[in-house]
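These are my notebook entries on a single model. I set down what I looked up, topic by topic.

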Amino acid sequence: MTDTIFALATAAGRAAVAVVRISGPRSAEVVEALAAPLPAPRRAALRRLRSGGETLDEALVLWLPGPSSFTGEDSAELHLHGGRAGVEAVSAALADIGVRLAEPGEFSRRAFQNGKLDLTQAEAISDLVDAETEGQRRQAMGQLEGGLSARYDAWRTRLIQALARLEAAVDFPDEDLPEALSTEVGARIAELAEELEAALADDGRGERVREGFKIALVGAPNAGKSSLLNRLAGREAAIVTDQPGTTRDVIEVPIVIGGFKVLLADTAGIRVAKGPIEAEGVRRARAWAEGADLRLWVVDRSASGQWKSSAGVAKPGDFLLLNKADMRSGDDAALASSPHARELEVLDISATGQMGMDALWSGLEARVRKLSGGDFPAVTRLRHRRHLEQAVAALRRAQSGLAQSPELGAEDVRHAGLALGRIAGRIDPEQVLDEVFSSFCIGK
Ligand SMILES: Nc1nc2c(ncn2[C@@H]2O[C@H](COP(=O)(O)OP(=O)(O)OP(=O)(O)O)[C@@H](O)[C@H]2O)c(=O)[nH]1
Ligand SMILES: [Mg+2]
């Protein structure tokens with residue numbers, strides 16, 4: 001038997017309205033105790049909330065009987081005035097009646113347990129609550145509407161069909177099923193494994209939309225990396241001086257490009273370091289740049305030989321920014337036509353002036369949009385990735401098992417199906433659910 005829970009669903013602090021949510025079998029009793037009479041289902045009613053002979057607040061009260069509520073249980077909402085004291089007083093009154101403060105994610109967990117949502121949709125709700133950018137919002141909405149579950153379920157259905165063919169072969173060994181059975185099922189399994197592998201080989205784009213794409217500013221000392229960081233971030237996040245070797249630490253600044261979250265990092269100028277502090281700075285610069293989705297190589301076009309710092313580290317598709325376009329050209333300006341630059345996107349800019357900044361912004365927007373892959377749904381979490389990898393491994397084992405006997409093949413196809421089912425939470429044990437829902441906020 002479940003108990004009745006409550007939580008503040010809106011952000012804590014001063015606000016015009018605060019919503020307290022209640023869910024569980026005693027919901028009607030709770031509303032009657034505080035705000036009798038019980039309003040008509042799903043109709044807002046203005047009520048005085050009373051406890052111990054005192055009026056606590058005047059609130060809009062909603063009575064949301066199950067099963068057509070968010071959690072699937074009897075639920076209610078109290079829309080209070082948003083002051084802290086009012087919320088405190090109502091919470092205390094609810095605790096006196098004997099309802100319990102909800103754990104993080106407990107409302108969503110009940111919705112999941114009552115079949116209102118699958119696990120990927122519950123995760124989508126958590127992502128929607130956390131969404132800061134248009135890209136995050138769109139991805140989470142697609143997932144909430146079942147886009148991701150539909151994709152995983154379609155794979156699972158095909159697995160179950162392959163399994164049925166194999167089980168028929170196991171159950172009726174004498175009936176001489178077509179010779180071609182193992183070839184046919186084998187081909188289906190191979191096709192599925194390839195599709196799952198393709199979904200996994202997407203450079204983690206779904207995770208990156210959620211967590212942010214990483215873009216590194218790299219290049220020789222004094223090239224203007226910190227100036228450009230400040231320019232793109234719209235604030236003085238990093239120290240700029242005319243002394244080479246100013247920046248030592250990696251400075252990460254979250255920004256939004258083309259509706260997507262990006263973590264932009266300024267790094268130490270790459271050169272043969274003078275001393276251990278700078279050496280560590282250069283090491284970190286290289287490591288961050290190596291792991292980034294995109295590198296912006298900043299070169300002082302009035303200098304010479306600076307671009308050498310990018311040789312061997314720049315990857316095809318990186319940006320080569322010839323900075324200080326307002327100054328007289330040195331030999332680095334000739335770089336744009338050199339073989340080294342051929343695979344890079346070359347732009348003339350001035351980090352402290354106007355030149356090239358619009359072109360840089362639109363170049364970055366186009367790139368981030370391309371990295372996002374555009375066509376949602378993607379694999380959005382490490383948890384999904386882990387289960388997909390298990391499914392692929394099981395399918396690959398099934399392929400070789402099938403060569404020996406249908407039983408061996410069937411066993412591994414079954415494992416693959418279980419792994420896929422876990423993504424939508426079809427078969428998960430309690431502790432997995434604990435882990436998933438504990439990252440949610442209270443009141444969700
Ligand atoms: N004229 C001109 N000066 C610039 C431009 N961009 C940067 N500078 C100047 O170049 C100098 C170095 O700029 P920073 O942004 O500190 O260079 P950095 O690449 O971060 O240098 P380190 O941190 O030492 O690696 C400063 O004096 C800037 O004002 C530009 O587009 N035009
Ligand atoms: Mg700097």
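Over the ring of which residue does the charged end of K214 sit? I find the charged end of K214 over the ring of W288, 5.1 Å from its centre. I count a charge as over a ring if NZ of Lys or CZ of Arg is within 6 Å of the ring centre and within 35 degrees of the ring normal. I also looked up R21, whose charged end sits over the ring of F107 at 5.0 Å from the centre.

Entry on conventions. The model is predicted, so local features need pLDDT of at least 70 and side-chain atom pairs count only at pLDDT 80 or more, while totals for chains, interfaces and linings use all residues. Residues are numbered from 1 along each chain as its sequence is written, chains are lettered from A and ligands numbered from 1 in the order in which they are written, and side-chain values use heavy atoms, with hydrogens and water left out.

Entry on aromatic pairs. I find 3 aromatic pairs in the structure. Rings of Phe, Tyr and Trp (its six-membered ring) pair if their centres lie within 6.5 Å; planes under 30 degrees apart count as stacked, over 60 as edge-to-face and the rest as tilted. The pair of F112 and F437 is tilted, because the ring centres are 6.1 Å apart and the planes stand at 45°. This pair links distant parts of the chain: F112 belongs to helix α3 (residues 106–113) and F437 to helix α14 (residues 430–438), 325 residues apart. Helices (H or I, at least four residues) and strands (E, at least two) are DSSP runs, numbered from the N terminus. F112 is buried at a relative accessible area of 11%, and F437 is buried at 2%. Here buried means under 20% relative accessible area, exposed over 50% and partly exposed in between (1.4 Å probe, protein chains only).

F213 and F260 form an edge-to-face pair, with 6.2 Å centre to centre and 75° between the planes. F213 is in strand β7 (residues 213–219) and F260 in strand β9 (residues 260–266), 47 residues apart. Both F213 and F260 are buried.

Entry on ligand 1. I count 23 residues around ligand 1, the closest being K225, S226, S227, G245 and T246; a residue is near if one of its heavy atoms lies within 4 Å. The shell divides into 6 nonpolar, 13 polar and 4 charged residues. Helix α9 (residues 225–233) gives the most to this shell, with 3 residues.

Which distances did I find from oxygen atoms of ligand 1 to side-chain N or O atoms of K225 and S227? For K225 the distance is 2.7 Å, and for S227 it is 2.6 Å. A polar side-chain atom of K324 lies 2.9 Å from an oxygen atom of ligand 1. Taken alone, ligand 1 exposes 650 Å², of which the protein buries 87%.

Entry on single residues. Is D96 buried or exposed? D96, in helix α2 (residues 84–97), is exposed, with a relative accessible area of 67%. T55, in strand β4 (residues 54–64), is partly exposed at 35% relative accessibility. S372, in helix α11 (residues 357–372), is buried at 2%, and its side chain reaches the backbone oxygen of R369 at 2.7 Å.

Key:
A polar contact is a pair of N or O atoms within 3.5 Å; within protein, one must be able to donate a hydrogen and the other to accept it, and residues adjacent in sequence count only if both atoms are side-chain atoms. Accessible areas come from the Shrake-Rupley method with a 1.4 Å probe; for residues, only the protein chains shown count as cover. Ala, Val, Leu, Ile, Met, Phe, Trp, Tyr, Cys and Pro count as nonpolar, Asp, Glu, Lys and Arg as charged, and the others, Gly among them, as polar.
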